[in-house]
Amino acid sequence: MGTAQVPDGAPAPQVWPTLRSHDARKLIAFLVEAFGFEETVVYGEGSVVHHAQLSWPEGGGVMLGSVREDPDGVDGAQGSGPTPPGSFGAYVVTADPDAVHARAVAAGAGIVDALHGTDYGSRDFAARDPEGNRWYFGTYRGEPRGRD
């Protein structure tokens, strides 16, 4: 993947979304093969993943782990835990959405929105992973922050 031109003042990607998975090891393998994430670290034993970091080659990434069956949420607070498996969505900036799209199709990713140009100048597509999470890929890097 090449380096895209970044508008002056556009923010660098620094948000690290988190998600849970019913089969985290399978999801990690899929995200690496289908989209091109890089497995940076995985902590866990057997089929359980306590924490994994997948880095995006162009900056940022995601953190994920196995779903934890805790009906009361984290520390007993109802609904305070991570997003349930299959309900996650993220926009991933790439300089080459056509190459990511071709890779995703070759790996059997479910394309839910074909490659297209947007009215704000981005080239985008969307796909679902095996757990039903939606991944958007495109060239839109955000607008420059206002200057005071």
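1. Two residues are in contact here when heavy atoms of one lie within 4.5 Å of heavy atoms of the other. With that meaning, and bearing in mind that this is a predicted model, 57% of the contacts in the protein between residues at least 6 apart in sequence join residues at least 24 apart.

2. As to the overall fold, the protein has two helices and eight strands, and along the sequence these elements follow the pattern β-α-β-β-β-β-α-β-β-β. Of the 148 residues in the protein, 35% are buried, and the accessible surface comes to about 8,400 Å², with 49% of that area belonging to carbon and sulfur atoms.

3. The largest nonpolar core has 25 residues, and those that touch the most other members are Leu31, Phe35, Phe37, Leu64, Trp135 and Phe137. Two or more residues of this core come from each of α1 (24-35), β3 (48-55), β4 (61-66), β5 (89-93), α2 (97-106), β7 and β8, and α1 gives the most, with seven residues.

4. Asp129 deserves a separate look. This residue is found in the loop between β7 (123-128) and β8 (134-138), and Asp129 is buried yet has no salt bridge, since the nearest side chain of opposite charge, that of Arg128, is 7.4 Å away, whereas a salt bridge requires a side-chain nitrogen of Lys or Arg within 4 Å of a carboxyl oxygen of Asp or Glu. What the side chain of Asp129 does make is a polar contact with the side chain of Trp135, at 3.0 Å. Not counting residues up to four places away in sequence, Asp129 touches Leu27, Phe30 and Trp135.

5. Side chains of opposite charge can pair when their charged atoms come close. By the salt-bridge rule, the count in this model comes to two. In one of them, Arg141 pairs with Glu58, and the closest N and O atoms are 3.6 Å apart. This pair links distant parts of the chain, for Arg141 is in the segment after β8 and Glu58 is in the loop between β3 and β4, 83 residues apart. Arg141 counts as buried because its relative accessibility is 18%, under the 20% cut-off, and Glu58, at 19% relative accessibility, likewise counts as buried.

6. A salt bridge is also formed by Arg123 with Asp98, where the closest N and O atoms are 2.9 Å apart. Arg123 lies in strand β7 and Asp98 in helix α2, so this pair ties together parts that are 25 residues apart in sequence.

7. The last point concerns Ser66, which has its place in strand β4 and counts as buried because its relative accessibility is 8%. Not counting residues up to four places away in sequence, Ser66 touches Arg20, Ser21, Ala24, Ser47, Val48 and Val49. A polar atom of the side chain of Ser66 lies 2.8 Å from the backbone nitrogen of Val49. Ser66 and Leu27 are 39 residues apart in sequence, and their C-alpha atoms are 9.8 Å apart in space.

Technical notes:
Residues are numbered from 1 along each chain as its sequence is written. This is a predicted model: local features need pLDDT of at least 70, side-chain atom pairs count only at pLDDT 80 or more; totals for chains, interfaces and linings use all residues. Side-chain values use heavy atoms; hydrogens and water are left out. Helices (H or I, at least four residues) and strands (E, at least two) are DSSP runs, numbered from the N terminus. Buried means under 20% relative accessible area, exposed over 50%, partly exposed in between (1.4 Å probe, protein chains only). Accessible areas come from the Shrake-Rupley method with a 1.4 Å probe; for residues, only the protein chains shown count as cover. Lys and Arg count as positive and Asp and Glu as negative; His and the chain ends are not counted. A polar contact is a pair of N or O atoms within 3.5 Å; within protein, one must be able to donate a hydrogen and the other to accept it, and residues adjacent in sequence count only if both atoms are side-chain atoms. A nonpolar core is a set of buried Ala, Val, Leu, Ile, Met, Phe, Trp, Tyr and Cys residues joined through side-chain atoms within 4.5 Å.
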